[in-house]
Each structure stands twice: as structure tokens, then as C-alpha cells.
Amino acid sequence: MILSPHLLAEDPATGDPTLASFGHDPWWIVLIKVVGVFVFLVVMTLFTIWYERRVVARMQVRPGPNRHGPFGLLQSLADGLKLAFKEDIMPLKADKVVFFIAPVISTVCAFTAFSIMPFGPFVSMFGVRTPLQLTDISVAVLLVLACSGMGIYGIVLGGWASGSTYPLLGGLRSSAQLISYEVAMGLSFVAVFMTAGTMSTSEIVNAQAQGSPVNLFGFEFTAPSWFFLLLLPSFIIYSISAVGETNRAPFDLPEAESELVGGFHTEYSSLKFALFFLAEYINMVTVSALCATLFLGGWRAPTSFESFWPGINSGWWPLAWFTIKVLLLLFVFIWLRGTLPRLRYDQFMRFGWKVLIPVNLVWILVLAGIKTLQKQNIPTQEKLIYAGLAVGVILLLALLWPQKKEETPLPLEEQVAKRPEGSFPLPPMDLQVPVSPRAKRLTAERETVPATSEEEV
Amino acid sequence: MMLSTQVLAAAAETAGQVSGGEKWTFFLLAPLAVIGALGMVIARNAVHSALWLVLTMLSLGVFYIVQAGPFIGMVQIIVYTGAIMMLFLFVLMLVGRDASDSVIETLRGQKVVAILLGLGLAGLLGTGVYQATRNMPSVGLELANANGNVQGIASLLFTRYVYVFEVTSALLITAAVGAMLLAHRERAKGERVGQVAQMRARFEPGNYPGPKPGPGVFANSTSVATPAKLPDGTPAERSISPILPTRELTSAEIANKHTEGK
């Protein structure tokens, strides 16, 4: 093992990588990591396509792809190869250069965003001790935001450069949608930054390593360390805005096939379409990985597991925990797609601007208040009194808030009688649905079976 | 980004001196930034202009990062490149893709004078800045980033510059409210039509709630100029767009297509 002083740059409490542990790798280690991240993302994309098709199929009670390879696992590989060899069509009215650049921008940004994801602690790579993470910077989470912000250009420009109406509409929709949901997403990070005290991903993972002991009315217990419990509102808002940010159902309005054919990628074919497809799935993996990093403890298995498996959070094992967390989050994406219908565009925008962002701002304010209270050097009971006062004022306000008077709806008969002459016909109010003749026959057939037949067999 | 980490680490070690990585990044991106700026002015198409500007802004963001200001660099990319330029693009795309600049000069010799004046201004500013910063040592970089770049900015923003910061945000909010006020149309309470009322109106007597038939439905020709036929054989006038010029159909178009016998 090569030893040098900078390798001591690790977290004093856990011995895990911190910001200072990065930027010292030899070039070939960096190359291995770059290739590793690339392979991870491509394999995850191929796997996620299969995963999505199988899970949605199971939800819709059908088998899904099951022909190529074990469980149909090679289906997406076959599809990808086929896509690459298809004819590349350039629309006559397309803006040639921009049409070509757009999918490239999408894909490059998608890959770049993953460079700061922490996969695990220090590992030994060919005798070199190095953190299992490509790189880390002091503003790592902002890098993801910047990449997703630049990735929008791919979609918008692809829609514009196609020179056709539906892609243009898809591009316009996505630019408005992604900017709106990026605001909500960025605000949901703020609570994490405030609690962890840093924007670097490796240090955010470290901040979730151990819960802080809390003494409440004489009871000693350890507060949960993962941020999804500590910062539940942020976690919920992040999860919702992540779906909006990745153009996934029920927020997939830029490519709403019932309204816009294919949205921004209507005119794209062959490898260019494949790049868009790749970028979309990588973005899904990225937001899932970021969610795991920021809210679900990163690559760490739950702390309580360490009591019966001390080495659970060391070596290469955390890579498996990280992947499991990402796959679980991807399952939620697929679940949403299999369950929820698409939103109407105005409802969707209203939800983002009028619900998610104000709720987030109020939550940040509350959290800042709690943090300030925690730092005051006063006894716990006094703190609790302050917190109770605040809650009491809010409850009192909610109680005294003027309520809207609800109009009692007219009875159904009067509503029908109020309809003007010549209105659209209504079925009679005392309608009896006749029994289906088929049902009658089935009952009749059943009756002919002798009641004792089962006992004889 | 990997490069920037190493550059940052190197910058921290040898503060005040220009490291190799920083130099390389600068010489790689500075021409790109200048090309982007020129391209923005020269490009005929408005969207292309915007894209060149994006290139310049992106390069500027990386310059900030290289000069040990990672937060401001990322914010430059997220806010300016990611949000503001995107809104520009949004408007440009609404205007239409063929909206190119006109090349006709309204004032004679305007272009030449503008180029000369522009070059003069650039030269003046360039030499001024060069003279002012030629031998200036960079001081206090380490001190500013001592507790981390973000923390340094935060402590300055919320202590020394809190008043300026708040006034600026009040200004921006005033501008936003003003813009909303100008664009907003006040609606009386009863004027606003909700979804329920819309559906009521749709099924009111005298309104046909279904979609209109497309041209050529049940007709002998699928031409957009052929009205659809209603079940009783009369032509449905509203199946044709009113902007289409009416034309007389030829006898071949009217004749039956001999589909009955098949």
C-alpha cells in the first residue's frame, strides 16, 4: 500500500472519506473510476428498462419481456442494438446542427451529474487506498442541479430544432416544467445543507452515520440519523419534484403521447433517439442515487445492523447497499407510472408553484427556528416551552381561521327539474339495470348440476 | 469537474500563484468564451445567438470555479445558464423559428460605425483593466475561504451585507410584482369560468358536445375541401375550416368510387 500523509484525511468519528480525501488519486485510478461510473450507468439503464417493463407487466397481470436471456434480461440489450442500426432520419425542416447537438447535451449532462455520487467508503484498488467515489467538491449537490439545469437544453433544443409543431410544444412544456420543479428541488436541499452543514456528498453521508443522543424528560434515546426521518417534509418534496424533474409519469407532460405524439423526441430516430432514452433513464438513476445519498444514509446500511455484522459498512459491501437503495427508489418511480394517470398541465404547474414551494419555504423557516433554539444555552424544558408556545399559536390561528361557508347542494330531483328545455338527455332516475341474459343462462346451467356430485367424486 | 477538484486542491496549496491546471483551463476556455460572445453578435438566428451566449456563460462559470469560487460558479451555471437563458429561449421559441434579424441597414454606415465604436470601447476597457491589475498581488484568498467557500459567503451575506442583500431582494420582488400587475387582468368573481361551468355550457341545449366531423367523412373524396356527410347525406358545413377557399369539385371527385361491388 502506498502511504502518504493526505490519506489521513478522513472523518475522525467514522474513518470515512471527507472532502479532503479527494483529488489525490493517481491518473489511472481516476480512469478506472470514470470507466466504472460509465459502466454502472449504462448497465443500470439496460437493467432499469427491463425492470420497468417487468414490474409494470406484473402490475397489469401479464408476463412482460421473457424471451431473451434468463427472465428476458437481455431484452433491452437487443432493443438497444436494434435501435443503433436503424435508419437515421433528419427532418427536412430541422436545424441540422442543433438537432444533432441536443441529444448529446442531454447525455453528457446526465453522465456528468453522477460523478459526485458516493458509492462507498475507502476501498483498496490494486493496492491503492481510495474512496469509492469519482470525485467530490465542496458544492457537489449544486453540481447535480447545474447538470440537470443544462440537461434541459437537450430537451428544449431537440424540440425546437425538429422544426415541427408537436416537438416544439413538448420542448416549451418541458422548459417551463423543469425550471419550476428545479426551484422546488433546490429548496428541498436547503434543509439537508442546514442539518449536515455541508454541500459535499461524502460529508452528507458522514453526517447521517450516527444519530445524536437525545435526553427527553429523563429518557435517553438515539435520534434517527437518516435525514428522511429527520427532514420528512424535505424528503417528500424532493421525491415529488424528482419525478417532475425526470419527466416521468404522472408528470411526463413534455412527452404526453395522448396529446403530443412523442413530445420533444417525435422526430428523433436511431442513435439520437437512443441517446435521449439513455439520458432519461440515467436521470432517473441519478435522482434516485441523490435521494439515497441525501436522505437514506447514502451507501450505509442501517447502524443497528452493525451489532451483528461489524464489517457491514466497510470494504466493497456498501456498493451493494447503495445499489439496493437505488433499485428500491426506482421501483417507486415504476410504481407511480403503473398507478397514477397523467396530470393536467395547469394543475401540475399550480401544484409546483403554489403548494411545493411555499410549503418548502415555511419548512425551512421552521427548521431554522428549531436550529437556533437548539444552539441556545438554555435548559431543555425551557426550549420545549418555546416550541410548545409556537405550536400553540399556530393551532390557535388554525382554530380561529374564518371558514368558508359551504353551500348545501340541491336535492337531485330539483337539480334535474332546473335543467333547461332540450338539455342533453338523462337516463330515467328510477332506472333498473336489467340482468344480463348471459348471467341468467349461467345461473340456469349451474342449477342443473346435481348437488350431490361433489360428494360422489 | 474532476479537474476542478484537483485545481482547487492545487490552488489551496499554492494560493496566489497560477497553477498549471488553472492555466490550461483558462487557455482552453477563454477562446471559447470569446468565440461564444462573437457568435452571439454575429449569428442571424435568435436561438443560435442565445446558444452562443450559453457557451460564454458556461465558460464564465468554470472560470469562477477555477478561481476558488465554486459556489458562485455553480450559481452562475444554475441561475444564469440554467434558468434565465432558458426563459430567453422560451420566449424566442414562442416567437417562432424563422424570426431572423433583418440585414437591411436603416441608417447608412451604421454597421461600420458600430463596429469601430465597439472595438474602441473594448480596447479602452481592456487596457484600463490591464493597467489597473497588471502587477496586483492577489491577497486574502486563503482568508476568505478559510471556513469553506459557502460558509464564507453566507457569513458575509448575513452579517455585513445583510442590508444590501435585503434591499436588493426587495427591489427584485417589486419588479416581479410590477410585471405581474402590468400583465394581470382583474376578473370579477362571477366572471371566472370554472371547469364545472364549462362542462355545463358544453351540454347546454343548442350546443353540440361531441367533436366536429373531419372533412371527407363519408364523402367520396378525402380532400380537406370536401365537406363531411351527415347520416342523412347532407354535407356538414362546419367540417371544413373557414379559411379554406371553396372550390367546385370535379365530376370525377363527385362520382362514386365503385366500392359497393367489392
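**View 1. Secondary structure of chain B in the predicted model.** Chain B contains 10 helices and 2 strands, where helices (H or I, at least four residues) and strands (E, at least two) are DSSP runs numbered from the N terminus. Along the sequence, the pattern of chain B is α-α-α-α-α-α-α-α-α-β-β-α. This is a predicted model, in which local features need pLDDT of at least 70 and side-chain atom pairs count only at pLDDT 80 or more, while totals for chains, interfaces and linings use all residues. Residues are numbered from 1 along each chain as its sequence is written, and chains are lettered from A and ligands numbered from 1 in the order in which they are written.

View 2. Of the 262 residues in chain B, 16% are buried; a residue is buried if 20 or more other C-beta atoms, placed from the backbone, lie within 10 Å of its own. Two residues are in contact if their C-beta atoms, placed from the backbone, lie within 7 Å. Among contacts in chain B between residues at least 6 apart in sequence, 41% join residues at least 24 apart.

**View 3. The side of chain A that touches chain B.** Here 32 residues of chain A are in contact with 26 residues of chain B. On the chain A side, α4 (140-161) and α5 (165-196) are the elements that give two or more residues. The largest share, 9 residues, comes from α4(A). This side of chain A divides into 20 nonpolar, 11 polar and 1 charged residues; Ala, Val, Leu, Ile, Met, Phe, Trp, Tyr, Cys and Pro count as nonpolar, Asp, Glu, Lys and Arg as charged, and the others, Gly among them, as polar.

View 4. Strands β1 (residues 120-125) and β2 (residues 128-132) of chain A run antiparallel and are joined by 5 bridges; strands pair if DSSP finds at least two bridges between them. A:Val123 has A:Thr130 as its bridge partner in β2(A). The hairpin has 2 residues between the strands, and A:Phe126 takes a positive phi near 50 degrees.

Definitions and conventions. Buried ≥ 20, exposed ≤ 12 C-beta atoms within 10 Å, placed from the backbone.
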